[in-house]
Each structure stands twice: as C-alpha cells, then as structure tokens.
Amino acid sequence: MSREIDAWRLRAASIPDPRIREDALASLACKRTHLDGAALFWILPRRRNVHLLRLLVAYEIALEFLDDMNERAAYAGQANGRQLHLALAEALDPEAPISDYYRLHPWRDDGGYLRALVEACREYCAYLPSYARVRAQAIREARRAQVLALNHDPDPDCREIALREWTAREFPGGGEANWFEMSGAATASLTVHLLLAMAAEPAFRKSDLDSAHAVYFPWCSLATTMLDSYVDQFDDAASGDHSYIAHYASREIAVRRLCAIVDRTAREARGLRNGHRHAVIVACMVAMYLSRESAYTSEMRASTRMLVAAGGSLTRLLLPILRAWRIAYGLRSA
C-alpha cells in the first residue's frame, strides 16, 4: 500500500497550482490513518486482489483530497462542493462522461491529478469479477458523499438547514438514527469500500450483501464519523468548524449514544458471514480513532475508556499497538 501512496504523492507534488498541490499533499500526509483504514477492506475477500487494494486506496485519496479542497474554498459555496464531489460517483461509473469538476472552483490547474484518480478507479473496477452486481449501489453511496459539501458551509444556520433538508430528501422514511446521524454516516466511505470488497469475490449471496450493508450503513459509518468528531471536538469548537458530536444535547448524552452505536456495530459485525474479518475492521477503526492523543486529555480520558470498552476485547487489544504505531510514525494527532 505504501508504494501506491508514494506513487500518488509523486503525482501530487507536480500539481502546478500551489493551493491545489498543498491540499493534495496534505491529504496524503495528514489522512494516512484514513488511507490505512480503507486498505483494510482488502482482507474481506477470500483471495487477495491487488486491483482491489489499488482501488480502495485511490478512492480514499480522492475523497480526502476533495474534502480538503472543499474546506479551503468553503466561501465558494455549496454548489462548488457538490461539483467537486461528482468525481466520487464518476470514479465508480466507467460509462459516465467525466465532468468539469473545477467548473466553480477558484483554482483549476491540478495537472490532471483528480482526473487520473477517477480514471484509475474506473480501471480497477473493471478487474473486480462481481462489480456489475454492486455498481448501481456503489454509485448511489458515492453520490451521497456530496453531503460533505454541506459540512463546510461557513454559516452555521445555513449549514444546519441544508443538512436537515438533504437528510429529509435522501432518507424520507426516517429510521432509528436521527437527521444529523444519518447525514454524518453518509460522509463516511466505509459502505463504498464494503461494496468494492464484495465485488472482488467471484460470487456472493445477495442476502449476505444486504446484511453487511445494513451493518455498515448507517451503524459502522456512523460510528467512525462520530468517533472522528469525538476526538476533534475541542479543536472544532476552537476553530468554529462543524462538529457532528456537538449536535447532541450534552457531552454525557453524546458519549452514551456513541457507546451504544459502537457496541451495536461490533456485535452485528461479528454476526455477518466471515464475521471475524468484519470484526477486525470494526475493532481497528474504533482503536485507530481512540488512539489519538486528543482522546486522553483530562476531560476525555474517562469517556474514552467507556468507548474502548464498548468496542470489545479486540479493540482493547489493538489500542496500545496503534498508540505505539502513531508514535513511531509521528501520527499522534492525525
């Protein structure tokens, strides 16, 4: 996987526009844990598929790059963010024309970097034996990621109205999760990674796909979004950035709810076909977020212990390993 990231880093370093280049390089350096998390889905198929690994990494690189660009140019409006994020759906739709992603963006010259990511994803999709069976669903999930464009609206009132309206349109029936939990879950890429991993199997039962999808969306996706928000909550409060965890009525309510979400995700993942592999993914995700240095401040240490316990014994086992890994690679706060 490191070779894949290094190859994209070389390409990013040659981007002509300095602001786009900075965003591309920063997303590779600062979101390394997210790239590792995406690559972990490589363990789901019975046989390893190098094209799946390359696809998972390229898709996550694209998502993190777009999120960083969108955040830098938040003043350009929600329409710009939606236009940029068209790349995620088109990366999984080889038959679709490629849009002008920078049409509304303040800067345009990326030297073909984003298009190369889109085309690489399309190429790798063609090597997955069951991609035709998941294609429509994967594109639908990727389109939902356009909600990321709403998260960076600098006006809190406009942002909340837009997120509420988006959730009402996308999930008209409601469900067990509330509006900000559903929009938060949609920002995660885990469901797309799950579908791509299943497409790497020569055959699978639709019932297995449906069962896995029901665990990953919203619950597993929601767990990772809220854990990310949990460890960033004080930084987000200081900067004024949108915080999903801040939508709960209090920190105590937020922690109790997040413990329930993590516990449910871990239990239901174990019940899936090849549940031991899904359990490893869930435990790694939970431990990765809770290994952040910010999770162990005096204000958060007790609640972090509760969340680790909710993740189960495998999370407890992995946590010191991942804390050591972060120290070794200088990623304590990433």
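Contact, as the word is used here, means heavy atoms within 4.5 Å. The model is predicted, and every value below is computed from it.

With a relative accessibility of 1%, His 193 counts as buried, since buried means under 20% relative accessible area. When its neighbours within four places in sequence are left aside, His 193 is in contact with Ala 38, Phe 41, Leu 56, Tyr 59 and Glu 60.

Helix H10, which spans residues 179-186, has 8 of its 8 residues buried, so this helix is largely enclosed by the rest of the structure. The buried residues run from Trp 179, Phe 180, Glu 181 and Met 182 to Ser 183, Gly 184, Ala 185 and Ala 186. Their cover includes helix H7 (131-144), helix H9 (156-170), H12 and helix H13 (251-270).

H13 also packs against helix H14 (residues 275-290), at an angle of about 155° and with the axes 7 Å apart. The two helices are therefore roughly antiparallel to each other, the cut-off for that description being an angle over 145 degrees. On the H13 side the contact is made by Val 262, Thr 265, Ala 266, Ala 269 and Arg 270, which meet Gly 275, His 278, Ala 279, Val 282 and Val 286 of H14. By class, the residues of this contact divide into 6 nonpolar, 3 polar and 1 charged.

In the loop between H13 and H14 lies Asn 274, which has a positive phi of about 55° although it is not a glycine. Most residues other than glycine have a negative phi, and most peptide bonds are trans. Asn 274 is partly exposed, with a relative accessible area of 30%. A further backbone feature is the peptide bond from Phe 217 to Pro 218, which is cis with omega near 10°; Pro 218 has its place in helix H12.

A search of the whole structure finds 1 cavity of 30 Å³ or more. Its lining consists of Glu 141, Arg 144, Ala 185, Ala 186, Ala 188, Ser 189, Thr 191, Val 192, Phe 217 and Ser 221, and the elements that give two or more residues to this lining are H7, H10, H11 and H12. The second largest pocket is lined by 17 residues, of which Met 198, Glu 201, Asp 208, Arg 273 and Asn 274 are the closest to its centre. Helix H11 (190-199) and helix H12 (206-239) each supply at least two residues of the lining of this pocket.

| Space | Volume | Lining by class |
|---|---|---|
| Largest cavity | about 40 Å³ | 5 nonpolar, 3 polar and 2 charged residues |
| Second largest pocket | about 290 Å³ | 9 nonpolar, 3 polar and 5 charged residues |

Asp 100 is partly exposed, with a relative accessible area of 34%, and, its neighbours within four places in sequence being left aside, Asp 100 is in contact with Gln 83 and Arg 108. Asp 100 and Gly 37 are 63 residues apart in sequence, and their C-alpha atoms are 29 Å apart in space.

Definitions and conventions:
Residues numbered from 1 in each chain as written. Predicted model: local features only at pLDDT ≥ 70, side-chain atom pairs only at ≥ 80, totals over all residues. Heavy atoms only, no water. 1 Å grid on protein atoms, 1.4 Å probe; cavity = no way out; pocket = protein on both sides within 12 Å on 5 of 7 lines; lining within 4 Å. Points joined across faces, edges and corners; volume = space filled by probe spheres on them. Helix = DSSP H or I, 4+ residues; strand = E, 2+ residues; numbered from the N terminus. Nonpolar A, V, L, I, M, F, W, Y, C, P; charged D, E, K, R; others polar. Buried < 20%, exposed > 50% of the residue type's maximum accessible area, 1.4 Å probe, protein only. Axes fitted to C-alpha atoms, helices over the stretch in contact; angles between N-to-C directions. Parallel < 35°, antiparallel > 145°, perpendicular 65-115°, else oblique.
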